[in-house]
Amino acid sequence: MAFNDLLKQLGDIGRFQQIQVTLVILPLLLMSSHNTLQNFTAAIPTHHCRPPAHANLSEDGELEAWLPRDRQGRPESCLRFTSPPWGFPVANGTEANSTEATEPCTDGWIYDNSTFPSTIVTEWDLVCSHRALRQLAQSLYMVGVLLGGTIFGCLGDRLGRQKMLILSHLQMAVSGVCAAFAPSFPIYCTFRLLSGMAASGIVLNSVTLNLEWMPIHTRAHVGALAGYVFSLGQFVLAGVAYAVPQWRHLQLLVSVPFFAFFIYSWFFIESARWYASSGRLDLALKALKRVAQINGKQDEGAKLSMEVLQSSLQKELTLGKGQASAIELLRCPTLRHLFLCLSMLWFATSFAYYGLVMDLQGFGVSIYLIQVIFGAVDLPAKLVCFLVINHLGRRPAQLASLLLAGICLLVNGLIPQDQSIVRTSLAVLGKGCLASSFNCIFLYTGELYPTMIRQTGLGMGNTMARVGSIISPLVSMTAELFPSMPLFIYGTVPVVASIVTAFLPETLGYPLPDTMQDMKNRWAPTQRGAGTYPRRGRPQRRQQEQQKQMVPLQASARERNGL
């Protein structure tokens, strides 16, 4: 395509691409921290009921006397005796009745602060009958991510990628800092929801802005780099959470840097591809000239003019006028097919991923250690995924990552509960495959949708992913019926979703589609059963063969006409 040729003329992977891609990707280092922040800020320490105010706790064994025991001999977390069964004297000198009747923790709880000195659980007593509120806070964050995917996805196509990045960085900074100073749980949840919306805006617009400024042969590299930065953020979260165990300080520490990201995002150059598809050729020309200057290609930039640009991008300007709305994803048959298939992939990946990573305390080992292990497994997993993406294609990588993740989770459900090492190892391997699936689906989705609706398509895919992350915690409740039931459900969905990749075309080595017509032309072989975009070189060879066949026919016609 003409735009890809323009990028090569203006420096290919020049100084501009290197600087802007680095600065755009840098905030992703803290995005994984916000996504799984509540593993630490909402950790549940060991706790038990606080005895009544009149209890005399100065006597040895008095505290234990108020606490009934469970089947494992551990103190109950949510019950206490109405009076000590051993008949200890209370503060007024009388002896309590020796009954074994129990009651809820009406005087609050005593928490073990050795590992987690302060969390939202200990501050607002989100335990026992209020335990569901802890999960509500994370679900509301995911609701915010869902809303942000829809809102910022559509606005990104309407108003531009850079403007949405500026707004999203500011919103993340303000809402994150406000959450750190929240005086009550409802206010905290409100600001977490706003943080989730901002997280969607940052991720979606970062991916799209980088994708549209990079040449064809570098897109997989940029996608892999973004994935590694996201994984590195999991190490950062584990280290910062260990060093700063106070939840308010931790919340503040991962939010303040977004003020810096907000400031420098004003200096980003808006996507010239988006300008052209929006019919704003003058701004596209200005952006390209600026890129040429930064890349040291002033001579090439000087050759650009409105006439040259209009001639080069004539197809984009004539077929890409106006903006496509989200309703086009259902109205156009080709887009509808694409939307339904990608929605299944997004949902399955997020559904299984968050089913694993949001229950770190359930592994029975140090929460900081399991966070590091979950981050470490991403490094080799995403390297393998990158090699597959770059050499075999996007579709095999997507299929393999989902299928292997599902198999790991299904097998994990068959392993006995007492074999914790084997179960944890399979869960870690499955998590690595799901992280690779996320890495692939962002790139794959961006390459399938045309420029005029790319951001909307990414936003709707992100919305389906958030639906999966919201439903995922509810599935964990099925463990009360059968302990391995959640794993069977988490494993079945990715296996089924992997089949959907057979109905999508391959995009390896092909330019980004700019218009609806580009996408329809490329889908034609798929709809005839080929299953991929046309191989490079085949249309040209076919045209050359047709021209050769026409030469004798044209010569014969000239002879008949006496020429």
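How many aromatic pairs does the count come to? The count comes to 19 aromatic pairs, and one of them gets a closer look below. Please keep in mind that this is a predicted model.

**Nonpolar cores**

- The largest nonpolar core has 95 residues, and the members that touch the most others are Trp-213, Leu-288, Leu-335 and Leu-342.
- Helix α19, spanning residues 333-357, supplies the largest share of this core, with 15 residues.
- Another core of 19 residues lies apart from it, and its members include Ala-42, Cys-49, Trp-124 and Ala-182.
- Setting aside residues up to four places away in sequence, Leu-335 touches Glu-328, Leu-329, Tyr-449, Pro-450, Ile-453, Met-516 and Met-519.

**A lysine to look at**

- You will find Lys-382 in helix α20, which covers residues 367-391.
- Is Lys-382 buried or exposed? Lys-382 counts as buried because its relative accessibility is 4%, below the 20% cut-off.

**Aromatic rings**

- Trp-346 and Phe-442 make an edge-to-face pair, with 4.9 Å from centre to centre and 85 degrees between the planes.
- The pair ties together parts that are 96 residues apart in sequence, because Trp-346 lies in helix α19 and Phe-442 in helix α22 (residues 420-448).
- Both partners count as buried: Trp-346 has a relative accessibility of 0%, and Phe-442 has 16%.
- One aromatic cluster is formed by Phe-40, Phe-116, Tyr-242 and Tyr-368.

**Helices α10 and α22**

- Which angle do the axes of α10 and α22 cross at? They cross at roughly 140 degrees, and the axes of α22 and α10 (residues 219-243) come within 10 Å.
- This angle makes α10 oblique to α22, because only angles over 145 degrees count as roughly antiparallel.
- The crossing in which α10 passes α22 is right-handed.
- On the α10 side, Arg-219, Ala-220, Gly-223, Ala-224, Gly-227 and Gln-234 meet Lys-431, Asn-439, Leu-443 and Glu-447 of α22.

Notes:
Residues are numbered from 1 along each chain as its sequence is written. This is a predicted model: local features need pLDDT of at least 70, side-chain atom pairs count only at pLDDT 80 or more; totals for chains, interfaces and linings use all residues. Side-chain values use heavy atoms; hydrogens and water are left out. A nonpolar core is a set of buried Ala, Val, Leu, Ile, Met, Phe, Trp, Tyr and Cys residues joined through side-chain atoms within 4.5 Å. Buried means under 20% relative accessible area, exposed over 50%, partly exposed in between (1.4 Å probe, protein chains only). Helices (H or I, at least four residues) and strands (E, at least two) are DSSP runs, numbered from the N terminus. Contact means heavy atoms within 4.5 Å. Rings of Phe, Tyr and Trp (its six-membered ring) pair if their centres lie within 6.5 Å; planes under 30 degrees apart count as stacked, over 60 as edge-to-face and the rest as tilted. Axes are lines fitted to C-alpha atoms, for helices over the stretch in contact, and angles run from 0 to 180 degrees between N-to-C directions. Angles under 35 degrees count as roughly parallel, over 145 as roughly antiparallel, 65 to 115 as roughly perpendicular and the rest as oblique. A crossing is left-handed if the near helix is turned anticlockwise from the far one by less than a right angle, and right-handed if clockwise.
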